[in-house]
Amino acid sequence: MFEQIKHNMETISGIEIYPILSLLIFFLFFVGLGFWVFSYRKEKIQEMSSIPLDEGLVVITKEI
């Protein structure tokens with residue numbers, strides 16, 4: 001089965017750009033994600049990390 005797929009991929013012209021593009025998209029996504037994580041405000045991270053520990057937390061839902 002793999003030989004059949006390999007043969008089909010070898011006959012398509014211009015197919016060699018797709019692995020490069022997918023690696024580039026993968027790399028840029030994780031670089032962007034890393035930048036977002038390390039640029040996030042420390043105060044907001046502390047606030048979100050203490051949410052599960054708040055005993056007096058009141059959840060207000062809005063009915064439609």
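Me: Which helix does L24 lie in?

Reply: Helices are DSSP runs (H or I, at least four residues), numbered from the N terminus. L24 lies in helix α2. This is a predicted model, in which local features need pLDDT of at least 70, side-chain atom pairs count only at pLDDT 80 or more, and totals for chains, interfaces and linings use all residues. Residues are numbered from 1 along each chain as its sequence is written, and side-chain values use heavy atoms, with hydrogens and water left out.

Me: In which helix is confidence lowest, and in which is it highest?

Reply: pLDDT is the predictor's confidence in each residue, from 0 to 100. Confidence is lowest in helix α1 (residues 2-11), with a mean of 80, and highest in helix α2 (residues 17-39), at 95. For the protein, the mean pLDDT is 84, and 86% of residues reach 70 or more.

Me: Which residues form a salt bridge with each other?

Reply: A salt bridge is a side-chain nitrogen of Lys or Arg within 4 Å of a carboxyl oxygen of Asp or Glu. The whole structure holds one: K44 with E47, whose closest N and O atoms are 3.9 Å apart. K44 is partly exposed at 26% relative accessibility, and E47 is partly exposed at 46%.

Terms used. Helix = DSSP H or I, 4+ residues; strand = E, 2+ residues; numbered from the N terminus. Buried < 20%, exposed > 50% of the residue type's maximum accessible area, 1.4 Å probe, protein only.
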